[in-house]
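Subject: Structure handover

Hello,

Here is the structure you asked for, with notes on what turned up in it. Please read the notes with the structure open beside them.

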Amino acid sequence: MSTLHVVFKVAGAEYAIPASEVMQMESFTSATPVPGAPTHVAGLMQVRGRVVPVVDARARFGLPPVDRTLDSRVVVGQLGSRTVGLLVDSAREVMKLAPEQLQPPPPMVAEQAQGFVKAVAQVGPRLVMLIDFSRVIGEEKAHGG
Amino acid sequence: MSVDLADFLPAYLTEVEELLSAANAQLLALETAARQRSASPRTVRELFRALHTIKGLSAMVDVEPIVSIAHWMETALRHADQAGGRLPEASVEPMMEGLRAIEQRVRQLATGAHVSEAPRELLERLEALEGTGRGHPGQQGTSAMLQLEPALATKLSASDQEQLLAGIASGRRALRMDYVPSAERAAQGLTINTVRERVGHLAEIVKVVPMAGATPGGGNLTFALLLLTGAEDSVLLEAVGGPPATVQSIVEPSLPETTPISDLLAEPLAPNEEGAVVEPRRSNVLRVEVTRLDDALERLAALVVSRSKLARAVKELTDAGVQTRELVQVLHENARQLRDLRASILHLRMVRVRDVLDRLPLLIRGLRRSTGKLVRLELDVGEAELDKAVADRLLPAIVHLVRNAVDHALESPQERRAAGKPEEGVVRLACHARSSARLELTVSDDGRGVDAAAAAARAGVPVPASSTELLELLCRPGLSTRVSASATSGRGMGMDIVKRITVDQLGGELSLDTKPGQGTTFSLGVPLTITIVDAFVFECAALRYAVAVSAVEEIIEVDAASLVRPPSLANGGVALVERRGQAVPLVPLERLLQRESGREGPGPKAFVVRQRGTPVAFAVDKLLGQQEIVLRTLEDPLVQVPGVAGATDLGDGQPTLVLDLPSLGAARGGASRMEYVPQKGGVA
């Protein structure tokens, strides 16, 4: 059975996350920096009255930072009791992906992607990487203390 | 469980928990009395009453295991009452286990787990407690006098029936009232809870039995309330909203209801004998679920946020030259009203410290048994109150300190005798409000004191020179003051937990005072409430932040010309500033916030806070004002960092960090930590 996925872009590459894990999408204006938080945490944002941390996908994927544009989006994901945002370059598309479209990532990719990529989907001429949201967000505690 | 019963569950849990904690205290009192071979008829009856109510309530939610345990405990108490209010010492332990078994099942019920059967062995032991007694008075002939349909009769225990008979004997009427719950009734505010409450004012409720089966209104549940009362049927019916509720006598017609039949009861029943005990509770106390209070607080929080938006809008108008005098006046009045409202709501959430600590005697009792040490608990907490949210977090820290005191600090009776101390050690808990916003709680013992040298040796560090340093050492994760972990204190569950709760979670303070051979006192200073905070809002490196007013000792002007810079430090490092004849380290806050200020030297204003008892000044750019903020703690591990107490919304939709300056300085001070240690000696 095919399921709905939210597709977003980071540095030209396309990624997908199951829509069921996405609480909502927000445009990005700014995040309040939190001193001592892991470097991939862009800061705090208020989403529907809740204060949630925002993870910068570029920083997380080891990509150079860019200036945020009007296209920048925060994909707000729900992971158990945690609500965390993922800051991406753009997110405009929703697509259905069937299990048979999903292939395990080639070993080299898997290794390089630190386990962030769960599967790769061939959609026509495009390659979409299915991310492991919980890995991307990370369990790491803030350092310091 | 049917839907109707599930609705009743929260109220059931609250009430039974309260009764259980009362029962625990009463049983402890009985144990003391038993040891001193004195009688305490009143406590026996109170405990009987508590168990009886637990039994009745549990029958209502149909938890048979609790009913059985409570029943046999009740029976044992009945005999204790007949013995003039003496509970044999040997009975205390099984009774304790009984309470424990009930508690366990109540917890299972609360978590939605399957309620385990009553342990056979325990029931047998409880049952055996009555062996010394005299059997069941009045049991013969019971069925001859109470007229009950079989389905109902089987739900009544012997003691319920005895209670009914005793009531009849004392001249009251025994009635069965049937109440049929329905959506319509619920809409009128009538549920089994309100019915219980209302009827409770008019009659003694012996038991409430849920009965399945078709009802007149098309439902399938009826509550049969068995009552003893002097009230008229019509009055009772009116109290429950009239038909389809019904009232009928349950006394066999052949016996005139008013005939005293006391001769059928060899012994008058304890709880019914004393008017004061039987009288239905008519207190002015209202039980409210905490979630509802939180809801009210949440709304108040929204109000505070919109008020600050309003204030900003008015300020913009004023700045634009608009005449806003009246508007500002209204705004001020509004601020005062908000403060009052906040105070009222917060007051609703206050619980008495004494009530929070009511489990400690039980903890001490357990420790006395497990350690073989003699120890007495002294509570001196007066009428102090604490926000429920704070109390709930604080309790584990207190429990931990008390455990440590008995486990590690107190010596064995032999050691104490050898040291010329009374054999019985004392653990003392005291508290007093230090200001309108803080409560200080102390846990003291008269034990051996903390062995600083031993603790240092274990951690492989030099012996701490001050109690502050010693406390820091003790609070290192995993440091245990004993080589072998004891059963109760465990290994690795050290003082770090106490510190984390008191300092990190609650934003409070922890201090230590210990004297070898004489004892140790831990002091915990905690805010009375943690939800809404009076805060200073300021700017530092182009961002706004807030800091709790209660954490700030003083705000000072920084005169760059009079700063003393230790030569070894680079620009932007720690400087010294003079404050009332004392040199205070001055830290540019942006450095701790990992931000660039773009200016030379520290900012022109500074907050003076106490960090490990020593004043430290944090320089900022601009003070923006003082206001009440709603503190939201940050739950996600990604952003739980020391020094950040939480976030707040100042009205711009962006989270503003609420800083905890003392811990920020301590956690991120780095090299600066060393700079102000010498200060301690220099303080006049």
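Angles under 35 degrees count as roughly parallel, over 145 as roughly antiparallel, 65 to 115 as roughly perpendicular, and the rest as oblique. Axes are lines fitted to C-alpha atoms, for helices over the stretch in contact, and the angles between N-to-C directions run from 0 to 180 degrees. Helices (H or I, at least four residues) and strands (E, at least two) are DSSP runs numbered from the N terminus.

The model is predicted: local features need pLDDT of at least 70, side-chain atom pairs count only at pLDDT 80 or more, and totals for chains, interfaces and linings use all residues. Residues are numbered from 1 along each chain as its sequence is written, while chains are lettered from A and ligands numbered from 1 in the order in which they are written.

A helix pair in chain B

Helix α3 (residues 64-82) and helix α4 (residues 89-110) of chain B have axes that come within 10 Å and cross at roughly 155 degrees. α3(B) and α4(B) are therefore roughly antiparallel to each other. Their crossing is left-handed, a term used if the near helix is turned anticlockwise from the far one by less than a right angle (right-handed if clockwise). Residues are in contact if their C-beta atoms, placed from the backbone, lie within 7 Å. Among those making this contact are I66(B), I69(B) and M73(B) from α3(B), and M95(B), G98(B) and I102(B) from α4(B). By class, the contact has nine nonpolar residues, two polar and one charged. Here Ala, Val, Leu, Ile, Met, Phe, Trp, Tyr, Cys and Pro count as nonpolar, Asp, Glu, Lys and Arg as charged, and the others, Gly among them, as polar.

A sheet in chain B

Five strands of chain B form an open sheet with mixed pairing, in the order β6-β8-β9-β11-β10. Two strands pair if DSSP finds at least two bridges between them. β6 (375-380) and β10 (509-515) of chain B are at the edges with a single partner strand each, so one side of each has no neighbour in the sheet. On average, neighbouring strands are turned by 15 degrees against each other, direction ignored. β10(B) pairs with β11 (residues 519-527) of chain B in the antiparallel sense over seven bridges. Within that part of the sheet, S511(B) has S523(B) in β11(B) as its bridge partner. Helix α17 (residues 360-371) of chain B lies across β6 and β8 (425-433) of chain B, and runs at about 165 degrees to β6(B).

Two loop residues in chain B

R37(B) is not a glycine, yet its phi is positive, near 55 degrees. R37(B) sits in the loop between α1 (3-35) and α2 (41-60) of chain B. A541(B), also not a glycine, has a positive phi of about 50 degrees and belongs to the loop between β12 (532-540) and β13 (543-548) of chain B. Which of these is buried, and which exposed? R37(B) is exposed, with 8 other C-beta atoms within 10 Å, whereas A541(B) has 20 such neighbours and counts as buried. The cut-offs are 20 or more other C-beta atoms within 10 Å for buried, 12 or fewer for exposed, and partly exposed in between, with C-beta atoms placed from the backbone.

Chain A

Chain A has three helices and 11 strands. Buried residues make up 36% of its 145 residues.

Regards

Conventions:
Two residues are in contact if their C-beta atoms, placed from the backbone, lie within 7 Å.
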